[in-house]
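Here are some short notes for a first look at this structure. Please read them with the model open beside you.

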Amino acid sequence: MGNNISDIIEDYLKSILTNEDQNLIEIKRSELAKHFECVPSQINYVIRTRFTVEKGYIVESKRGGGGYIRITKVRHTDHQELCDQLIGHIGQSIDQATGKSVVLRLLEEGAVSKREGNMILAAIDREVIALPMPSDRDVIRANVLKAMLASLKYKI
């Protein structure tokens with residue numbers, strides 16, 4: 001109850017990746033839209049917002065009549081590789097929603113415990129980084145998150 005079409009499409013695509021125990025799916029945007037009785041732009045929205053790099057996916061898209069969307073679930077061999085990939089993705093700044101996605105990915109991959117994830121989320125929260133300019137908060141959030149990821153790479 002209460003699932004919107006975006007949640008349903010996301011769950012469907014993730015179930016294909018999970019149930020078929022594969023890292024890659026290839027779908028036609030128009031066929032998926034037809035299956036869910038929605039417009040293709042709804043499929044684009046789900047792909048763009050729910051299957052991002054920080055959430056562990058690489059998306060390739062080819063438009064046109066024979067176009068497809070290829071979604072690859074990135075699986076890392078170890079937590080160091082995961083942390084390196086996330087550090088590279090963060091760049092110079094990161095907003096709070098994207099930072100949260102990074103932490104959820106760490107939890108999903110087992111790189112941090114729930115407690116550690118909550119601590120990271122608390123440290124990067126906009127209320128804690130209480131600066132008047134969002135762009136300044138995003139730079140500090142990126143630096144804090146990258147420092148924490150770097151510390152996770154090595155066992156002490």
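Which side chains meet in a salt bridge at 2.6 Å, N to O, with Glu10 as one partner?

1. The partner is Arg50: its side chain and that of Glu10 meet in a salt bridge, 2.6 Å from N to O. Keep in mind that this is a predicted model. Glu10 sits in helix H1 (residues 5–19) and Arg50 in helix H3 (residues 40–50). The two are 40 residues apart, so the pair links distant parts of the chain. Both Glu10 and Arg50 are buried.

2. The pair also belongs to a network. Salt bridges link Asp7, Glu10, Lys14 and Arg50. The count of salt bridges comes to eight.

3. Now the overall layout. The protein chain has seven helices and three strands. Along the sequence the pattern reads α-β-α-α-β-β-α-α-α-α. The C-alpha atoms fill a box of roughly 50 × 35 × 35 Å along the principal axes. Of the 156 residues, 37% are buried. Among contacts with a separation of 6 or more, 61% come from residues 24 or more positions apart.

4. Next, strands S2 and S3. Glu60 forms a salt bridge with Arg70, with the closest N and O atoms 3.5 Å apart. Glu60 lies in strand S2 (residues 57–62) and Arg70 in strand S3 (residues 68–73), so the bridge ties together parts 10 residues apart in sequence. Glu60 is partly exposed, at 36% relative accessibility. Arg70 is partly exposed too, with a relative accessible area of 21%.

5. Strand S3 has a link to helix H5 as well. The side chains of Lys73 and Glu108 meet in a salt bridge of 2.6 Å, N to O. Lys73 is in S3 and Glu108 in H5, so this pair ties together parts 35 residues apart in sequence. Lys73 has a relative accessible area of 7%, so Lys73 is buried.

6. How do H5 and H7 pack, and at what angle? Helix H5 (residues 96–108) and helix H7 (residues 134–152) pack at about 10°, their axes 11 Å apart. The two helices are therefore roughly parallel to each other. From H5, Gln96, Gly99, Val102, Val103 and Leu106 meet Arg141, Leu145, Leu149 and Leu152 of H7. By class, this contact has six nonpolar, two polar and one charged residues.

7. Finally, look at Arg137 in helix H7. Arg137 is buried yet has no salt bridge. The nearest side chain of opposite charge is Asp138, 5.5 Å away; the cut-off for a salt bridge is 4 Å. Leaving out residues up to four places away in sequence, Arg137 touches Arg126, Ile129, Leu131 and Pro132.

How values were computed. Residues numbered from 1 in each chain as written. Predicted model: local features only at pLDDT ≥ 70, side-chain atom pairs only at ≥ 80, totals over all residues. Heavy atoms only, no water. Axes fitted to C-alpha atoms, helices over the stretch in contact; angles between N-to-C directions. Helix = DSSP H or I, 4+ residues; strand = E, 2+ residues; numbered from the N terminus. Parallel < 35°, antiparallel > 145°, perpendicular 65-115°, else oblique. Contact = heavy atoms within 4.5 Å. Nonpolar A, V, L, I, M, F, W, Y, C, P; charged D, E, K, R; others polar. Buried < 20%, exposed > 50% of the residue type's maximum accessible area, 1.4 Å probe, protein only. Lys, Arg positive; Asp, Glu negative; His and termini not counted.
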